[in-house]
Amino acid sequence: MSTLRRLARHRLALFGAAVILLFAVCAIFAPYIAPHDPYAFSLAKKLQPPSRLHLLGTDELGRDLLSRIIHGTRVSLLMALISVAIGLAVGVPVGALSGFYGGWFDLLVQRAVDILLAFPGILLAIVVVAILGPGLWNAMLAVGISFIPTYVRVVRGSVLELREKEFVEAARALGTHSLAIIRRHILPNCLAPIIVLSTLQLASAILWASGLGFLGLGAQPPTPEWGTMLGRSQLYIRVAPHVAIFPGLAIALAVLGFNLLGDGLRDALDPRLKGRL
Amino acid sequence: MKRIGLWVLCGLLGLSAMGLAQGPRMGGELIIAFGTDPESLDPNKITSAPAGMVLTHIAETLLTMTEDLEIAPLLAESWEFSEDSLALTLYLRKGVKFHDGTPFNAEAVKVNLERFRRASYRFLLYPRVQRIEVVDEYTVRLHLDMPFAPIISHLSHNFVAMVSPKQIAELPEGQDIVAPIGTGPFKFDKWVRGEYVRIVRNDEYWGPKPYVDAVVFRVVPSDATRLVLLETGQVHAIMRVPPLDAPRVAATPGLEVVKVPSVRTIYIAFNYQKAPWTDRRVRQALNYAVDKEAIVKEILGGAGGVSDAPIMPLIFGYSPQKPYEYDPEKAKKLLAEAGIPKGFKVTLYHPTGRYMMDAAIAEAVQAYLRNVGIEAELITMEWAAYLSFLFKPVHEATFDMFLLGWGTVTLDADYGLFSLFHTSQWAPAGQNRFFYSNPAVDALLEKARVTPDPEARKDLYAEAIKLIWQDAPWIFLHYEVQINAQSTKVKGLIHHPREYILAHRAWLE
């Protein structure tokens, strides 16, 4: 409870949370909020600047940009959540086992992680997409896979520290099975770094997924996806800058929102900063 | 303000007058940016205009086509047909040398033409040539088994370029020429794949020598990037300005927009031998589903015309048909009759950056098809990979539809129709990459190429075009107008309807 209260006093984090909430509402109620069908097109109305009918103007096929950005929220948030979930689902168990058991297993896992961390994450994602082929789901998988090494490293670090604690020793003395110790005693205590990392990874996921879309490797047209929209806008940036500006703003805002919230959470969850923000 | 403007104008006029007074200046490196890396520089292997543009500076053809679309002599000074049209005698230019010093003569022509004949795919250029006779050092005679009307225009095709017989002789079996040795005004210097091709002046050129020291053809796939390179003065000329940017570029001091007709027709072909494209109703339905007028007007900014034949109006043998009008209701009805369920999924392959607004056009077509209940998945590839993907034999061809263009650069319907629609030209033997086949069309096209009388040929082509139009093997889209741009500092560049920028006589101020 005190964590939440501390978070509530963190203004920037609150702002971040508000932005994310706004996007979440957009994503859930997209069909009700969007003023137009995001796929309805009319070439005669292409690249119109913002007007009362089209608040953010129209894109190269004459589709309503605002509606496409609102529907794009769904795609972007979904991509972010699923890729972080992939990272979590693989990275946390592997990191926990690696940290808890140590030995040759740890050595093997950590060297593999070293290799993966040596590549910039986005490059790793591009390699995965190159193997699987472009597309929304493959992009999610690619980003998710590129998140795994970070999770492994962070969770392992926490576990290394926790496994030497007295309560773990006590559990061991009672004859509790190792896996149960990890599940019941260690992982709950790793939650703070995992939550913080996940929030920050959500921001990266949006950025990377958009990046893949921009390169034509992510969501494919006509799916309204911010990065894809931004990529397509390059051709028109001189005659109709709004088709680049608005999707770009959406990406920037969402990334900012998750980053601010993540920073706030880190501060709020840090026991050393208790009460002082 | 106005007065200052006037003075500046006077100054500029004065400067340019000085420039004029000086006349063409020697030296300098001319940089031309285009969108696609040549897939090859081997005359035997090239298939696209960008590659042809580079090659044509290095290796010359026997005949050529001027920018006014007239056939003109080049390495052959003159030619004549025998009475029965079965022998074509070419009188070659004397004193011409290849870049490696090998003399250009009748033997060299024979070696080159024989090499073309061996490449089955190049065979379409002179399928009726039975024997190539070296009459004397500078006279070659082609013996035909039947009159072959389009042979003169085919010999002017830039792909039929002469390279040094020494180079051909020394080429290992199964390998392609990478650095062609021709007789042209420029010599091959360097080719960095995907980046640029550099050519340098041939000081021993037989004709008027180029002014510039070197020409660099820079490969810049993005239309927008090419334009920025021109605007920032990093290149001197670019191909394919995005149509929506053209007015702005034209208004920029120091830059000029050059609009030239193109002989290129853009189409979306159906996989003719694969269900449901075997059903004419489906193919026609998709033609009704797409608003070609809107695409030309809005996406191309009017730089083109809606196709009313598989070849464009400047080409001999063109015969206009009634375009499939935009009628989504009719399209839906035809699709329902053919039993196509709603939400039917298809693949539509398209290049990005090869043709004017190609990706945007594919996206618009996707949107139009969606309106009649067809979900098209857009798949794009890099140009060389794209061409080889679409060059598979019929049983390996997995695509539903693809977007491609064809420039009938010989200006004769034979090259535009026979190559694309005759059954013998199915990929990978020829350019019928969509496996169209209609025996009646085959017969007409065969007859038209051996009929010497132009009027009779026109009638045959009109008949063939009518049948092709009804069969609708394509979504007939449009023909292009080229929009190029250049710096006003460059003089004497030729923007050719074959989609070439020719630097032969260009100079830098």
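In which loop of chain B is F435(B) found? F435(B) lies in the loop between α13 and α14 of chain B. Helices here are DSSP runs of H or I with at least four residues, strands are runs of E with at least two, and both are numbered from the N terminus.

Good morning. The model I am presenting is predicted, so local features need pLDDT of at least 70 and side-chain atom pairs count only at pLDDT 80 or more, while totals for chains, interfaces and linings use all residues. Residues are numbered from 1 along each chain as its sequence is written, and chains are lettered from A and ligands numbered from 1 in the order in which they are written.

Is F435(B) buried or exposed? F435(B) counts as buried because 20 C-beta neighbours lie inside 10 Å. For this term, C-beta atoms are placed from the backbone; a residue is buried if 20 or more other C-beta atoms lie within 10 Å of its own, exposed if 12 or fewer, and partly exposed in between.

The loop between α13 (413-421) and α14 (439-449) of chain B also holds P428(B). The peptide bond that joins A427(B) and P428(B) is cis, with omega about 0°. P428(B) has 15 C-beta neighbours inside 10 Å and therefore counts as partly exposed. Which residues does P428(B) touch, leaving aside its neighbours within four places in sequence? They are F391(B), K392(B) and P393(B). Two residues are in contact if their C-beta atoms, placed from the backbone, lie within 7 Å. S388(B) is 40 residues from P428(B) along the chain, and their C-alpha atoms are separated by 9.3 Å.

The axes of α13(B) and α14(B) come within 10 Å and cross at roughly 140°. Axes are lines fitted to C-alpha atoms, for helices over the stretch in contact, and angles run from 0 to 180 degrees between N-to-C directions. On the α13(B) side the contact is made by D414(B), L417(B), F418(B) and F421(B), and on the α14(B) side by V441(B), L445(B), A448(B) and R449(B). By class, this contact has six nonpolar, no polar and two charged residues. Ala, Val, Leu, Ile, Met, Phe, Trp, Tyr, Cys and Pro count as nonpolar, Asp, Glu, Lys and Arg as charged, and the others, Gly among them, as polar.

I turn to another helix of chain B. Helix α11 (residues 358-371) has 14 residues and reaches 20 Å from its first C-alpha to its last, close to the 20 Å expected at 1.5 Å a residue; the expected span is 1.5 Å times one less than the number of residues. How many residues of α11(B) are buried? Twelve of its 14 residues are, and the helix is mostly covered. The cover of those buried residues includes β12 (255-270), α8 (280-289) and β14 (344-351) of chain B. Just after α11(B) comes G373(B), with a positive phi of about 90°.

A further residue of chain B deserves a word. E499(B) sits in the loop between β19 (494-496) and β20 (500-502). Its phi is positive, about 70°, although E499(B) is not a glycine. E499(B) is buried because 24 other C-beta atoms lie within 10 Å.

In their contact, 16 residues of domain 1 meet 19 residues of domain 2. The domain 1 side has nine nonpolar, seven polar and no charged residues.

Finally, chain A. This chain has eleven helices and zero strands, and its C-alpha trace spans about 75 × 45 × 30 Å along its principal axes. Of its 277 residues, 47% are buried. After α8(A) comes G175(A), whose phi is positive, near 85°. P222(A) lies in the loop between α9 (178-214) and α10 (226-233) of chain A, and the peptide bond from P221(A) to P222(A) is cis, with omega near 5°.
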